[in-house]
Amino acid sequence: MPINAEYRGPSELPEIIPVFPLPGALLLPRGQMPLNIFEPRYLAMVDDALRDGHRLIGMIQPDVTRSRKEETPALFSVGCVGRITQLAESGDGRYILELTGVARFRVIEEMVVLTPYRQCKVDFFAYLGDFTARKGEEAVDREALLEVLTDFLKANNLKVDWEGVESAPNEALVNALAMMSPYGPAEKQAMLEAPDLKTRAEILIAVTEMDLAKKRTSGDPPLQ
């Protein structure tokens with residue numbers, strides 16, 4: 001989805017951003033993530049992002065393996081900042097919004113803040129390639145990706161808009177499939193931190209093949 005703001009590099013993004021810890025949530029550059037916001041602290045976060053004008057929210061997963069406090073769990077070191085590109089009020093106190101991914105970031109430190117939501121000082125320079133659309137997509141093994149997608153759909157009795165899949169550029173296809181994949185936080189984090197699009201596709205293929213093999217040997221029923 002095109003966005004009104006054009007971000008050409010890290011210098012055009014703030015050093016300190018609000019973060020939304022959400023397990024299993026994967027946002028990638030130029031990908032779209034729908035969110036249903038209802039907790040007061042995150043409603044305040046959205047209000048402040050709109051009021052400040054930057055409309056940016058950092059999506060990041062809590063790292064439960066290092067967490068001691070349930071209310072403020074430790075965070076993974078890498079997340080992805082997104083811009084609010086759609087927002088609607090539900091009428092019952094919720095926001096229904098969509099984030100469009102801009103670039104990944106590395107957490108430098110979590111700030112001590114008075115806001116009810118968490119904020120981090122972040123570094124975007126490790127992910128300069130995220131600011132270039134479709135970078136490295138020619139190296140993606142599209143045939144292998146579509147083959148494993150076909151196997152996954154058959155195993156789980158699912159259907160897909162093949163016309164849309166076939167017309168999608170490699171970057172959009174890989175990132176959309178990664179974001180929609182039903183895998184856990186560790187697998188999602190591995191796809192997020194992949195150094196390039198080719199590696200992300202390879203991780204997605206490998207994880208899906210392992211999942212399919214496990215289902216075949218265990219006789220697990222397909223996803224509902």
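Q: Is Arg30 buried, exposed or partly exposed?
A: This is a predicted model, and in it Arg30 is partly exposed, because its relative accessible area is 27%. For buried, the value would have to be under 20%.

Q: Where does Arg30 lie?
A: Arg30 lies in the loop between S1 and S2.

Q: What about its phi?
A: Arg30 has a positive phi of about 70°, although Arg30 is not a glycine.

Q: Which residue other than glycine has a positive phi near 65°?
A: That's Arg134. You'll find Arg134 in the loop between S6 and H2. With a relative accessible area of 45%, Arg134 is partly exposed.

Q: OK, back to the loop between S1 and S2. Is Gly31 buried or exposed?
A: Gly31 sits in that loop, between strand S1 (16-21) and strand S2 (32-37). Its relative accessibility is 9%, so Gly31 counts as buried.

Q: What is Gly31 in contact with, leaving aside neighbours within four places in sequence?
A: Leu99, Thr100, Gly101 and Met179. Take Gly101: the C-alpha atoms of Gly31 and Gly101 are 5.2 Å apart in space, while the two residues are 70 residues apart in sequence.

Q: And Ile37, where is that one?
A: Ile37 is in strand S2. Ile37 has a relative accessible area of 2%, so it is buried.

Q: Switching to helices. How do H5 and H6 pack?
A: Helix H5 (residues 185-192) and helix H6 (residues 197-218) meet at an angle of about 155°, and their axes are 8 Å apart. Angles over 145 degrees count as roughly antiparallel, and H5 and H6 are therefore roughly antiparallel to each other.

Q: Which residues make that contact?
A: From H5 there are Glu187, Ala190, Met191 and Leu192, and from H6 there are Arg200, Ile203, Leu204 and Val207. By class, the contact has six nonpolar residues, two charged and no polar ones.

Q: Which residues are buried in H5?
A: Lys188, Gln189, Met191 and Leu192 are buried there. These four cover an arc of only 160° around the axis, so they are on the same side of H5.

Q: Why would residues a few places apart in a helix point the same way?
A: An α-helix has 3.6 residues a turn, so residues three or four places apart point the same way.

Q: What covers the buried residues of H5?
A: The cover includes strand S4 (78-89), strand S5 (95-110), helix H4 (170-180) and H6.

Q: Last topic, aromatics. How many aromatic pairs are there?
A: Two, counting rings whose centres lie within 6.5 Å. One of them is Phe105 with Phe124: the ring centres are 6.2 Å apart and the planes are at 80°, so the pair is edge-to-face.

Q: Where do Phe105 and Phe124 sit in the chain?
A: Phe105 is in strand S5, and Phe124 is in the loop between strand S6 (118-123) and helix H2 (142-155).

Key: Residues are numbered from 1 along each chain as its sequence is written. This is a predicted model: local features need pLDDT of at least 70, side-chain atom pairs count only at pLDDT 80 or more; totals for chains, interfaces and linings use all residues. Side-chain values use heavy atoms; hydrogens and water are left out. Axes are lines fitted to C-alpha atoms, for helices over the stretch in contact, and angles run from 0 to 180 degrees between N-to-C directions. Helices (H or I, at least four residues) and strands (E, at least two) are DSSP runs, numbered from the N terminus. Angles under 35 degrees count as roughly parallel, over 145 as roughly antiparallel, 65 to 115 as roughly perpendicular and the rest as oblique. Contact means heavy atoms within 4.5 Å. Ala, Val, Leu, Ile, Met, Phe, Trp, Tyr, Cys and Pro count as nonpolar, Asp, Glu, Lys and Arg as charged, and the others, Gly among them, as polar. Buried means under 20% relative accessible area, exposed over 50%, partly exposed in between (1.4 Å probe, protein chains only). The arc is that of the directions from the helix axis to the C-beta atoms. Rings of Phe, Tyr and Trp (its six-membered ring) pair if their centres lie within 6.5 Å; planes under 30 degrees apart count as stacked, over 60 as edge-to-face and the rest as tilted.
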